[in-house]
Amino acid sequence: MRYHTPSTFEDAARLAAEASGITRFLAGGTDVLVQMRAGAVIPDDLIDLKKIPGVSEIAQTEEGGWRIGIAVPGARLGAHAGLCADWPGVVEGMELVGSTQVQGRATLTGNLCNGSPAADSVPGLVAAGATVEISGPSGLRSAPVEDIPAGPGKTTLQPGEVISAILLPPRGTAGGDAYQRFIPRTEMDIAVVGCAISLTLDGNSIASARVALGAVAPTVLLVPEAAAAITGTTLDDDALAALTTAVEAACTPISDKRGTAEFRTEVAGVLARRVAKIAYARAKGAEA
Amino acid sequence: MAKDEFTEFKLVGTRPDRPDGLDKVTGRARYGADMSMPGMLWAAVVRSPHAHARILRIDTSKAEALEGVKAVVTRADFPEGLTGEEWNLQENTIAGDKALYDGHAVAAVAATSALLAQDAARLIEVDYEVLPHVIDVDDAIKPDAPAIRPGAADATVPEGMPANVVRYIDFGHGDVDAGFAEADLVMERSYKTEATHQGYIEPHACVGQLGADGKGEMWVCTQGQWYIRKMCADVLGLETAQLRVTPSEIGGGFGGKTTIFMEPLSLALSRKAGGRPVKLVMTRSEVLRATGPTASASMDVKIGMTKDGTITAARAEFRMQGGAFPGAPVDMALYCAFAPYKLKNVHHIGYDVLANRPKCAAYRAPGSPMGAFAVESLVDEMSRELGLDPLDVRLTNGVREGDRASYGPTFGSIGLIETLEATKAHPNLLVPLGPNQGRGIAAGYWFNHSGETSVSMAISEDGSAQVSVGTPDIGGSRASIALMVAETLGIPYEDVRVNVVETGSLGVNEPTHGSRATFASGKAAVVATGQAIKEMCRRAAAEWGIDEDAVEWVNGAAQPAGPNAGKFPPLTIREIAGKMGETGGPISGHHEGLPEGVGASFGCHVVDVEVDPETGHTTILRYLVVQDAGRAIHPSYVEGQYQGGAVQGIGWALNEEYIYGEDGRLQNAIFLDYRVPVASDLPMIDTVIVEVPNPGHPFGVRGVGETGITPPLPAIANAIQDATGLRMTHLPMTPPKVLAALKAAGRG
Amino acid sequence: MVAVNLWSSLTRFTDGARVVELEAATAGQVLDGLKAAYPGLAPIVDAGVSVVIDGEMATGRHSPIGPESEVVLMQRLKGG
Amino acid sequence: MSKIHVTTTVNGDQVEFLADPRESLLDCLRDRLGLTGSKEGCGTGDCGACSVRLDGTLVCSCLVLGVEAEGKTVETIEGMANGNELHPLQRKFVEHAALQCGFCTPGILVAAKALLEQNDNPTETEIRYWLAGNLCRCTGYDKIVRAVMDAAAELRGEAA
C-alpha cells in the first residue's frame, strides 16, 4: 500500500485519477482503518487529506453560512459555539457517531462518503440543505448532500473526485433543526432508524421544512411529502399524524441484524414526531 | 457495610489495595499479546466462510512461496487416532474433512511479521463443497435436519432420537402427574434464549515454542495453564511434562478461557519453523466466530401451584445446542433450574443437540441463566396470576439446609432464606414506580466447584511470606488469598506476596473456574500456611527446649502454652525466619488435593425498568443484587463479582445474541453489533453481601463469581411484565421484539 | 450396602431400577460397582459423572461413604 | 512494501520508528516501541482499550495509522504517572477496586483523564456517556464511575 500526503486537493484528485488499483481517501480514518484491519478493503493507494491547508477549519461564509473542512472531527463541531447555535441538529447528528474517542477523529465528510444509509450525520446535513464542494480532474463543482450517497457503501463521486468542503447555508431567523436516532443501547450503536428535520417559522406557523430519514432505504432519504405535511401548520396533532403517515409511507427498509422492517417504519414515525417538536421549539428560540 | 465493622478477623473482611493494582493502572501488567520473544514469528489463521462444508483441497503453495513465510500447517500436521473429547479439541482447533461452522480454522501460517502472515493467509486456497447447515436448536432436531456428525451421540441417547441429539438426560423424583392434580393453577410455557459470548475484552493470545525434541514453552492468556498444557499435548501428541505453560495476566475469561481454541496452532507452526517462537493473537471477529460462546436454549416448563403459592409439581424439558460438538450445559441448566425450590414432585428432561456453530465453552454458571430464565419467569407469572407477592412465593417454597434439592441430593448449609429476607428488607423495594415502569425479582443458584488444587508457600528470611498458586487472578484472587494467609500467619497483608505460577512450579491445578480460586486455592493456602506455622512452632520449641505441642501460634509469633505459658518471651515470625538457616533450613508448606466442603451460593436480584411504549426500548432504572458469599474475604471484589455478573446478565437479557444469516454466517462478529452493555446503559448496581458462612472453608468462603449472572434474565423479563403487562419468552428482549409484542397486544 | 440414586434415563441399563444397592465404601467403589453390575453404564460412567455423597460432590474416588450415606449420581459438573 | 520513517513524541520523549503504512498507531506503539500498556480489544474503535491522546485529543490508537503520528505528540498510559507518583485517577482505581482483570483499565484511565481536564466536576451521567466507548466486561462500571468521581473530587481539592 502506498501512502500519500498531498498538500492540495488538486494533487489529491490527480493522485486518485492516476491510481489504477483500489484507492481510498483518509480523513478521520474511522471507517477506512476498520476495513483495512478486517481485510475487507486493502487499498493500493491511501491518500491522506489532512496535510492540505484549511481542512481542519470551520469558517463562516460571506453569506452567513458555514464552510466545514473535510478533516474537522466531530468533537470540534461540538465545541464550536457559532455552529452549534445555527445548526444544532447537524452537530448532534455528528456527535452521535461512535464514542468520545471516535469523535476525536471521525468527520462529516467521511461519514457521508462511507455511503451508509444509517450514517448519523447525513440526515441532519440533508435536512439543513447542505452542499458539498467537490474537487475533480475538471475543477470544482458542488452538489447537494443528498445527491452523494448512491446506495450502501457507494457514492456518486466519479473517479478522481474528492470532496473538499461541506457548506451549510445561512440559518436565518426563526429556524431550527434537530436529529434523533434509535439504537438498542444508549451509545455506540449504528442507527436502526434516524430522522432529521429542519424548519423555519412564520409566527407560529411552519413556513418551510425539510425532513430526512436514515436507515429506512438504501440511501438517506429526503422526504418532501413529510415536509409538506407540516408546512403551513403549527405542528398540531393533525400535522403530527400527517407527518407520521408521510414518513411511514416513504420507508422501504430491510429487516436485518439491527431491526425489522416493521420496527424501522414504526419508529421512523415516532422519531419524526419527536424531532419535529424539538426543531419547532428551537425555531421558537429554545436552547439546543 | 456492617461486615467491615464487626469482623472477628484482623484482615479478612477488610478492603486493602490489590497486590497487582500498581501494575494494572500503569500499563505494566503483561497480558497475552504483550509478550515478545527473540526470533519470534507471527501467525494468522485461515477460517472457513461456510457453516458446513466438505474440504476438498487446500493449496498452500502460494503462501509458502511468499518471502518471509516460515511455516504453514493444516490438519495433516496433527496426529491421527484421537478419540472422544481429545478428538473434539483437535477437530475444533483445525478442521479435518469438514468445516463445521463459520470461522472454523482450516490452516495457519507463520511469517516474520503480522502483516505478512495475514497476507500469506489470504493466499491459501481452499476448495469447499458446501453442505446443508442448521443453526437453530429446534431446527436441528427436526427429521429433515442435516446430520452434522453421525455417530457422535453417546451412550445416554436411546435409539430413535433425532440424529443431532448427542446426549440425553432424564431425572427427577416424586410423581409429577399427582402433583399437578393437587394444584389450583397449572401453567405451561415455552422459552428461548440465544447464544451469547463471554465477551472478555482481551482476545485470545499466545506465544508458543516447540522444538523437534518435543520440548516446548507457551505464554498464554488462560484461566488454567495446566488445562492448556494437557489439551495442547493431547492434540499434538506431546509428552505433557515437556510443555511448560506460563499464564499471562488475563483480560477476562468468564469460563471462555478454560479450554484451547488456537493455542496448538502456534506450537505446530513453531515446530515446523525450526522451533522459532510463534505469536498468535486473535482478532475480535475471530474471538466471536471461533471461540466458545454459550449454548442457545429452547425450553418448556410446567408448574403446578396451590392458591397459597406452594408448588406442587414441576416439569422442565430443555433442548440446548452447544455448537458442532457435544457439551451444551443442558444438565447443569436443569440441575439449577428449580434449585431454589423445595419440590416433592419434579421431572427434568434434557437434550444436548449439535448445530453448525462454534464449540461452546463454559460461561459463568454454565446453563444456570437459561434454566432460571424459564423457571423464574413462570413462577413470577403464576404468582401474579394468583395475586401473590413473588418474593413471598419464593420464601414459601425456598430450600433450607436438610431439604432435598430439586436435582436429588440433600442440601447442606445454604443461605437462600437469609438472602430472600435481606432482599425483602431492602429500601429499593419501597421506591415508587411511575408510568411505564416495572419491578421484577428473580432468584438464582450456582453449585460452586472445588477441583484439583496445588499450592505451596514459603517463609522468607525476614518473616515475609510467598505463596505460589496455580489459579490465574482474574478478579482480585491474589488479594483474597494474601488476606487469608496473612490472617493465618498473623502478619501484615503487605508482607504476603501471592504469585500465579507456571506449570513447572506446582502439581496440577484446575483453572480459575467454578468460582473456585478463593475457595480452593485459598483453602489449600491456609492448609499450607498451617504446615509452616507448625514448623515454626517446632523450631521455637527446640529453641526453648520444650515439647512442640506446648507451643501455640498467636499474632505472628510462637509462644509457650499450657504449663510453659509465660516462661519464655514469644518468638516472632521474623526472629524464627531470621535464623532458619541455622535451625533446619527453609520453612515452607504445601498442599495438594481436592479441597472438600464447597458451599453453594444463592442470589436474589431486584430490577426496576422503564419501557418506552413507542419504541420498545427498556431502560434499567435501578438494580439490586443480594447474594450469599459465605464470607466476604475482600468485600470490594465480592461486590465487583456481583455487579459484573449482573451486568453480563443484563446484556444477555436485553441485547446480546449471536445473529446468523440464512447462509449460516455469523452477522455480528464485532463489538459494534455484538452489543455488550456500555457505561451509559446502566445505573449503579446496588449490592448486599449476605454471609451465611460455609462450614467447609476455614473462613467460610462459598465462591461468589457465577451466581450473579443468573437472576438478571428472568428478573428483567418479570420487570417488563410489571411495566407493560407483556410476558416476553424469547431472549434477548430487544426493542423490535418488545414493540412487536406491544403492537400485538393492541398497545404501543 | 449403599443405595445409589441414578438419573431416570439410566434405568434402561439397570432393568428399570432408579435406586440400586451396592457394596461400596468409597465413591470409586460405587462407580466400579455400577459398571460391574450394569455393563451398559460403563461408557457413561467412564465419560465422567459426579458422585454426590450427603449433599456434597465427592472430590475423588476415595471419598468415603457411610452405610447411611445418601448417594446420588449426577452428570459431571464444572463452572465458568 | 516500503516502510516509512516516523518521528514523533511519546510521553514527552522523541522517538523514531519505521512503520508499514498499513500499521495502526497501536501496532507501532506496542510492536515498534514496546509500549504494550495500550491494548487491542477489537481493532474497530468499539472498545476503547487502545485509547491514547494524539496532540491532546482522545482517540482510539487502532483507528490512527502509525504514519499519521509524524510530528505529533502521543500520550499513553505509560506516561500517566509522574515517576512513582500515580495520577489521582490511578490511585483511586486501585482504592475503589475499579478494575478486575485490568485489561480495559489503561484505556479507561487515559479517557477519564481527558474528561477531567475539560470538566473538573462531571456528573455520573456525564462520566457514563464519556466512557461509553470504553467497554469493561468485569465490573459493571459501578466502581469505575465512583473512582472517577472520587478522583475528580480530589483534583478539585475536596475531601473524598
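In this predicted model, helix 2 (residues 88-95) of chain D meets helix 3 (residues 105-118) of chain D, with axes that come within 10 Å and cross at roughly 130 degrees. From helix 2 of chain D, the contact draws on D:Leu89, D:Gln90 and D:Phe93, and from helix 3 of chain D on D:Thr105, D:Leu109, D:Ala112 and D:Lys113. Sorted by class, the residues of this contact are 4 nonpolar, 2 polar and 1 charged.

Chain D also touches chain B: 44 residues of chain B are in contact with 44 residues of chain D. On the chain B side, the elements giving two or more residues are helix 2 (21-26) and helix 19 (635-654) of chain B. Helix 19 of chain B supplies the largest share, 7 residues.

Strand 20 (residues 551-554) and strand 21 (residues 557-560) of chain B run antiparallel and are joined by 4 bridges, with B:Glu552 standing opposite B:Gln559. The two strands form a hairpin with 2 residues between them, and B:Asn555 in the turn has a positive phi of about 50 degrees. Strand 21 of chain B also pairs with strand 22 (residues 571-572) of chain B, again in the antiparallel sense, over 2 bridges; here B:Ala557 stands opposite B:Thr572. Both faces of strand 21 of chain B are covered, with B:Ala557 and B:Gln559 buried on one side and B:Ala558 and B:Pro560 buried on the other.

Turning to chain A, 5 strands form an open sheet in the order 4-5-10-6-7, with antiparallel pairing. Strand 4 (58-60) and strand 7 (139-144) of chain A are the edge strands, each pairing on one side only. From one strand to the next, the twist averages 25 degrees. Within this sheet, strand 5 (residues 66-68) of chain A pairs with strand 10 (residues 162-168) of chain A over 3 bridges, and A:Arg67 stands opposite A:Leu167. Helix 1 (residues 9-18) of chain A lies across strand 6 (131-136) and strand 10 of chain A, running at about 135 degrees to strand 10.

Terms used: Residues are numbered from 1 along each chain as its sequence is written. Chains are lettered from A and ligands numbered from 1 in the order in which they are written. This is a predicted model: local features need pLDDT of at least 70, side-chain atom pairs count only at pLDDT 80 or more; totals for chains, interfaces and linings use all residues. Two residues are in contact if their C-beta atoms, placed from the backbone, lie within 7 Å. Two strands pair if DSSP finds at least two bridges between them. Axes are lines fitted to C-alpha atoms, for helices over the stretch in contact, and angles run from 0 to 180 degrees between N-to-C directions. Ala, Val, Leu, Ile, Met, Phe, Trp, Tyr, Cys and Pro count as nonpolar, Asp, Glu, Lys and Arg as charged, and the others, Gly among them, as polar. A residue is buried if 20 or more other C-beta atoms lie within 10 Å of its own, exposed if 12 or fewer, and partly exposed in between; C-beta atoms are placed from the backbone.
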